[in-house]
Amino acid sequence: MSERAVSDDLMKTIVSLCKRRGFVFQSSDIYGGLKSAYDYGPLGIELKRNLMNEWWRAMVHSREDVVGLDASIVMHTKVWEASGHLAGFRDPLVDCQVCKERFRADKAPKLAAGEPAPMAFADKGRAKAALAALEQAGETGLTRSKKAIRGAVGSERGYVCPNCGSPFLSAERAFNLMFRSSIGPVDPMGDIAAFIEGGDLPAGTELRARLEELIRPSAVYLRPETAQAMFVQFLNIQQSMGLKVPFGIAQMGKSFRNEITVEHFTFRSCEFEQMEMEFFCEPGTDDTWLDYWKQARMEWWQKFANDPDKFRLRAHEPDELAHYAKGCYDIEYLYPWGWGELEGVANRTDYDLQKHAKYSGSKLEYFDPVERKRYTPFVIEPAAGATRGVLTYLVDAYFEEEVVTQKGTDVRTVLKLHPQLAPIKVAVMPLVKKNGMPEKAREVVESFFQRGINAKYDAQHAIGKRYRRHDEVGTPWCLTIDGQTMEDGTITLRDRDTMEQRRISIDNAVHEIEQLLRD
Ligand code: GAP
């Protein structure tokens, strides 16, 4: 099998496991699904929360110099004007004139002008229809063979459609990635209707500009990043908490981008969660802090991984840097389809504070009481994807292993999730549903609940099947109550990764699991 087929297969397997075992479902599934939106099921939400809680623990609860914020998703429109998102948050979009795929020009497969551009379709019927449409549009020299069309060549654009390979493309258009809505008592549709009824409409771009004018007063946007609230609240937080620079403000939560190219399951979706921290420091110390944070963040991701070598730090080339950044490192993961960004650690300089100071008229400065000097801090920003992190660890944890059974060999699927991330920490199982075993198992589950540990009572199917089921959802430990338990008060503790079993005292079970969780 080709590398591409293997990676497609692995992703399909993971997507299917996510649905089958209650991790992630397509949004609005029964209505055919909403592309690019996902719902985290009973196990998915536990995994996502565990990941985000670990981030919060590392970034806020383990440090004296970082505090938290939970800002509203809808903010004043001036925020987005100041940050440049309203004007600049755009992707160059192109429509394929053959298969109608809409895609980002900067992400499309490259093809030099004049090079052969073979096109491929899902079936013969589609290829036939595409050839007929191209010929009708005046294209000549094209031939069809089964599902392929040959004879086209690359254009000056230097890229082709990622779906069918066609070089026949629309012009590039800028497109704002922010979701727009309206706020307040006045529905802009009323103004638009009155404007149209008034007749004498301008044409083209002027019409569009007039309509934009009518919408603008009530327009609000869903935040495309959590970062801006931390700049906007910089002064309130610094003053209310009496913070001294350097200090950070951390926030995690939903962000929204009208992504046109949604790809690889939850990797790029329209609604996702971020974990971002803005670290305010004195200009001149920014390079040192960038080094510090890129290392700290890299180590954090690697700590929970089975294969830390699949994470790397990549410095941005100067032409890759965002307009506000002086330096940036991406923490990347080797996904089944190749390296992809998981977190960006950027030196945003004083760009954002300066912009918000200018647009709001507030002085967003810091007064150093010791040095008796005033300055606008520089900002180092580690910006991570929480939902992307969940996908990363699912890929990292997925294993298929050959195991020896009484009947020969078998393949077990196991999610080797780090115990801190695992949705269920321990499954408690009565060997049979009689002789007091279920009652004993429920007592054990209750004792875990009392310690805040997510335990699960499981008595369905044969014991071997139950072990497999918990291997597949990443439960690190299973405790089994059997006949011997009722006699000597011991239970078996099974380890997910080694599958080894040992007997421990039932009275010590909670303490034992707590100890393992700490290791
Ligand atoms: N404040 C800077 C910022 O938002 P970004 O690189 O656009 O930077 C940070 O986003 C992280 O958010 C990315 O590294 C990625 O993990 C995640 N992210 C961005 N867009 C996403 C999307 N459409 N779907 C899922 N995660 C996304």
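# Briefing: a predicted protein–ligand model

Residues 24 or more positions apart account for 66% of the contacts in the protein chain with a separation of 6 or more; contact means heavy atoms within 4.5 Å. This is a predicted model, in which local features need pLDDT of at least 70, side-chain atom pairs count only at pLDDT 80 or more, and totals for chains, interfaces and linings use all residues. Residues are numbered from 1 along each chain as its sequence is written, and side-chain values use heavy atoms, with hydrogens and water left out.

**Overall build**

- The protein chain contains 16 helices and 26 strands. Both are DSSP runs numbered from the N terminus: helices are H or I with at least four residues, strands are E with at least two.
- Its C-alpha atoms fill a box of roughly 90 × 75 × 50 Å along the principal axes.
- Of the 519 residues in the protein chain, 47% are buried. Buried means under 20% relative accessible area, exposed means over 50%, and partly exposed is in between (1.4 Å probe, protein chains only).
- The chain's accessible surface comes to about 26,200 Å², and carbon and sulfur atoms hold 50% of that surface. Accessible areas come from the Shrake-Rupley method with a 1.4 Å probe; for residues, only the protein chains shown count as cover.

**Ligand site**

- The ligand is surrounded by 19 residues, and the closest are Glu225, Glu259, Ser269, Glu276 and Glu341. A residue counts as near if one of its heavy atoms lies within 4 Å of the molecule or strand.
- By class, the shell has 10 charged, six nonpolar and three polar residues. Asp, Glu, Lys and Arg count as charged; Ala, Val, Leu, Ile, Met, Phe, Trp, Tyr, Cys and Pro count as nonpolar; the others, Gly among them, count as polar.
- A side-chain N or O atom of Glu259 is 2.8 Å from a nitrogen atom of the ligand. For Glu381, a side-chain N or O atom is 3.0 Å from a ligand nitrogen. Gln274 places a polar side-chain atom 3.0 Å from an oxygen atom of the ligand. A polar contact is a pair of N or O atoms within 3.5 Å; within protein, one must be able to donate a hydrogen and the other to accept it, and residues adjacent in sequence count only if both atoms are side-chain atoms.
- On its own, the ligand has 550 Å² of accessible area, and the protein covers 90% of it.
- β13 (271-281), β16 (338-349) and β19 (378-385) each give two or more residues to the shell around the ligand.

**Nonpolar cores**

- The largest nonpolar core has 54 residues, of which Phe23, Trp301 and Tyr393 touch the most other members. Such a core is a set of buried Ala, Val, Leu, Ile, Met, Phe, Trp, Tyr and Cys residues joined through side-chain atoms within 4.5 Å.
- Elements that each supply at least two residues of this core include α1 (3-20), α2 (42-61), α10 (286-303) and α12 (386-397). The largest share, eight residues, comes from α2.
- Beyond four places in sequence, Tyr393 touches residues including Leu51, Trp300, Trp301 and Phe311.
- Another core, of 27 residues, lies apart from the largest one; Phe234, Ile237, Ala357 and Leu364 are among its members.

**Helix α11**

- In helix α11 (residues 351-360), Tyr351, Asp352, Leu353, His356 and Ala357 are buried.
- The cover over these buried residues includes α3 (77-83), α8, α9 (234-241), β13 and β16.
- Gly361 follows α11 and has a positive phi, near 80°.

- Gln228 is in helix α8 (residues 227-232). Gln228 is buried, at 0% relative accessible area. Its contacts include Trp80, His85, Arg348, Asp352 and His356.
- Thr226 sits in the loop between β11 (219-221) and α8. Thr226 is buried too, with 0% relative accessibility. Thr226 touches residues including Gln251, Lys254, Gln274 and Glu276.
- Val390 belongs to helix α12 and is buried, with a relative accessible area of 3%. Val390 touches Tyr40, Leu47, Lys48 and Leu51. The C-alpha atoms of Val390 and Leu51 are 7.4 Å apart, although 339 residues separate them along the chain.
- Cys99 lies in the loop between β4 (90-95) and β5 (102-104). Cys99 is partly exposed, at 24% relative accessible area. Cys99 touches Cys161, Asn163 and Cys164. Cys99 and Val74 are 25 residues apart along the chain, and their C-alpha atoms are separated by 36 Å.
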